[in-house]
Amino acid sequence: FCYHQFLKVFKTTNLIDATQKSKIMEEADMIFTGTPSLQTQKPWVLYLFDHPVCLAGNNYHLFLKNKKKLEKQLSSSSCKKIIAANEEPIEFLKKHFSKKVTDKIVVIKPAIQDHGIRNKKRGKKVRILFMGSTNIPQDFYAKGGLDVVRVFSKLSKRKDTEMIIRCKISD
């Protein structure tokens, strides 16, 4: 709450940039980062752990205000790739950035080993919970909500499975 109130008064990413800076090790050959605000010529890879608006403090208006700065950072020759965990951010990035930036996007989906989850209690349903964020109310799409619904549509053929979604989906 305080963070969002701060952004309403001070429409800047300077505080965000200052808190995300750390000393870059001389011996590092490449940097893996969640923020494009690097002051280095070393090659780096951006991991989008959230919606692209997270690059401007999860504030759409700040994102728009800083779009040219972000474009410059992401299109630089130092930025080698932009990793997204799902396809949802890609269309947003294509809408807001040049082909030089969007050509760097690769989707690497988080993977887990299949443990063969089985419902051990007969008559009880397996419940899958998709949880939203308290500080980013409209994060359904950014967190891959559509992918989850697609997967659940395949699982829902089983009668012992249900999904609970606890987040805001749209206005």
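This is a predicted model: local features need pLDDT of at least 70, side-chain atom pairs count only at pLDDT 80 or more; totals for chains, interfaces and linings use all residues.

Trainee: What does the protein average in pLDDT?

Mentor: The average is 79, and 75% of the residues score at least 70. pLDDT is the predictor's confidence in each residue, from 0 to 100.

Trainee: Where is confidence lowest, and where highest?

Mentor: Lowest in helix α2 (residues 14-19), with a mean of 56; highest in α6, at 95.

Trainee: OK, the fold. How many helices and strands?

Mentor: 7 helices and 6 strands. These are DSSP runs numbered from the N terminus: helices are H or I, at least four residues, and strands are E, at least two. The pattern along the sequence is α-α-β-β-α-α-β-α-α-β-β-α-β.

Trainee: Which residues are buried in α7?

Mentor: G145, D147 and F152. Seen down the axis of α7, the buried residues fall within an arc of 155°, so they line one face. The arc is that of the directions from the helix axis to the C-beta atoms. Buried means under 20% relative accessible area, exposed over 50%, and partly exposed in between (1.4 Å probe, protein chains only).

Trainee: What do they pack against?

Mentor: α5 (88-96), β5 (126-131) and β6 (161-166). Contact here means heavy atoms within 4.5 Å.

Trainee: New topic. How many salt bridges?

Mentor: The count is 3, taking a side-chain nitrogen of Lys or Arg within 4 Å of a carboxyl oxygen of Asp or Glu. One of them is R150 with D147, with the closest N and O atoms 2.7 Å apart. That pair sits 3 residues apart in α7, about one helical turn.

Trainee: D147 again. Buried or exposed?

Mentor: Buried, at 18% relative accessibility. R150 is partly exposed, at 47%.

Trainee: What about E87 and K109?

Mentor: Their side chains meet in a salt bridge, 3.4 Å from N to O. E87 is in the loop between β3 (79-84) and α5, and K109 in the loop between β4 (105-107) and β5, so the pair ties together parts 22 residues apart in sequence.

Trainee: And K99? Which residue does K99 pair with?

Mentor: D103, with the closest N and O atoms 3.0 Å apart. K99 lies in α6 (residues 99-102) and is exposed, at 60%.

Terms used:
Residues are numbered from 1 along each chain as its sequence is written. Side-chain values use heavy atoms; hydrogens and water are left out.
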